[in-house]
Amino acid sequence: MEPDDEYILKYGDPRMATYPLMDNPSLAYALIAAYLVWVKFLGPTWMKDKPPYEFRMVMIVYNLFISALNAWIFYNFGKYGWFGRYRLRCEPIDFSNNEDALMMVYVCWIYFASKYIEFADTIFAVLRKKDSQVSKLHVFHHCITPATFWYSLKYGPGGYNTFLMLLNSFTHIWMYLYYGLAAMGPSVQKYLWWKNYITIIQLIQFVLAIIYQTQLILFPPVYCKVSMFLIMIIMMISVVFFFLFMDFYFKTYQKRRKPQLKH
């Protein structure tokens, strides 16, 4: 028997409680806190008098693995939902125990768990003394994503609530593929002219997510019961990151194109 709306709102989806980190948010948030302490204090202190590590092969394998993992996530979000089964206008969250619904729960959790694996981005940057990579946007992004998606998955792993996850997994395929290829060195880097397009793809995903959530708020379909709590989580993430990444794009790429005045 499916849990009713009151039960879901109070206790969350009972199917999620069987997955690591999903019983309650304490451990999930403790890992985020540990990440922050290491990145901001322990890591820099440890590396203060040490030469930077190289990690070239590790970086190649790690980034290509994350790219492949996101390809798997994107494919399965599509296979069990968005590639023909889900209605684009709105798809109700299936809280049943049928095979496809349970598979969507599993894919959602893998997506969530991957955000903790991606903490390694910052850990590697600290160990390599790439301070420019450990920006406020970088750290904020890695903290806020698992922190907010915990609630999103706890109360709605499936249906309309996975639209941004689908888009984000697609974006991360190309982002980590780029990083993996870039780690191979100058012989490959000279062909990687498409770095700025990754940020454009990131911006597009947030625009699409904002449009999608907005139409659910303004014109909720009668056949698809939606949760304003879940919608506002995704809307908040999308709006905040859209402006942060837009600011990053203009500071990183547009300023470089401005002609320099000759004295």
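This tour moves through the model stop by stop, saying what to select and what is there.

**Before you start**

The model is predicted: local features need pLDDT of at least 70, side-chain atom pairs count only at pLDDT 80 or more, and totals for chains, interfaces and linings use all residues. Residues are numbered from 1 along each chain as its sequence is written, and side-chain values use heavy atoms, with hydrogens and water left out.

**Stop 1: helix α5**

Select residues 120-127, helix α5. Helices here are DSSP runs (H or I, at least four residues), numbered from the N terminus. Seven of the eight residues of α5 are buried, so the helix is largely enclosed by the rest of the structure. Buried means under 20% relative accessible area, exposed over 50%, and partly exposed in between (1.4 Å probe, protein chains only). Colour the buried ones: Ala120, Asp121, Thr122, Phe124, Ala125, Val126 and Leu127.

Now show the surroundings of α5. Its buried residues pack against α2 (25-47), α3 (56-82), α4, α6 and α7. Contact means heavy atoms within 4.5 Å. Then step just past α5 to lysine 129, which takes a positive phi of about 60°.

**Stop 2: the largest pocket**

Select Gln133, His138, Tyr178, Tyr179 and Lys195. Of the 35 residues that line the largest pocket, these are the closest to its centre. The pocket holds about 1,200 Å³ of space. On a 1 Å grid over the protein atoms alone, a pocket is an open set of points with protein on both sides within 12 Å along at least five of seven lines; a cavity is a set where a 1.4 Å probe fits but cannot get out; lining residues have an atom within 4 Å of a point. Grid points are joined across faces, edges and corners, and a volume is the space filled by probe spheres set on the points.

Which elements give two or more residues to the pocket lining? They are α3, α5, α6, α7, α9 and α10. Helix α7 provides the largest share, six residues. By class, the lining divides into 16 nonpolar, twelve polar and seven charged residues. Ala, Val, Leu, Ile, Met, Phe, Trp, Tyr, Cys and Pro count as nonpolar; Asp, Glu, Lys and Arg count as charged; the others, Gly among them, count as polar.

**Stop 3: the cavity**

How many cavities of 30 Å³ or more are there? The count comes to one. About 70 Å³ of space lies in this largest cavity. Select its lining: Tyr111, Lys115, His141, Thr145, Phe149, Leu164, Asn168, Phe206, Ile237 and Phe241. Two or more of these residues come from each of α4 (99-117), α6 (136-155), α7 (163-182) and α10 (228-257). Helix α6 gives the largest share, three residues. The lining has six nonpolar, three polar and one charged residues.

**Stop 4: salt bridges**

The whole structure has five salt bridges. Each is a side-chain nitrogen of Lys or Arg within 4 Å of a carboxyl oxygen of Asp or Glu. Side chains of opposite charge can pair when their charged atoms come close.

Pick three of them:

- Arginine 15 and aspartate 13 meet at 2.6 Å, N to O. Both are buried.
- Glutamate 91 pairs with arginine 87, with the closest N and O atoms 3.4 Å apart. Glutamate 91 counts as buried at 14% relative accessibility, while arginine 87 counts as partly exposed at 40%.
- Aspartate 247 and lysine 251 meet at 3.2 Å, N to O. Both lie in α10, four residues apart, about one turn of the helix. Aspartate 247 is partly exposed at 38%, and lysine 251 is exposed at 51%.

**Stop 5: glutamine 215**

Go to helix α9 (residues 195-218) and select glutamine 215. Is this residue buried or exposed? Glutamine 215 is buried, with a relative accessible area of 17%. Show the backbone oxygen of tyrosine 212, which lies 3.2 Å from a polar atom of the glutamine 215 side chain. A polar contact is a pair of N or O atoms within 3.5 Å; within protein, one must be able to donate a hydrogen and the other to accept it, and residues adjacent in sequence count only if both atoms are side-chain atoms. Not counting residues up to four places away in sequence, glutamine 215 touches Arg89 and Pro220.

**Stop 6: tyrosine 106**

Finish in helix α4, at tyrosine 106. At 34% relative accessibility, tyrosine 106 counts as partly exposed. Leaving aside neighbours within four places in sequence, tyrosine 106 is in contact with Tyr19 and Trp72.
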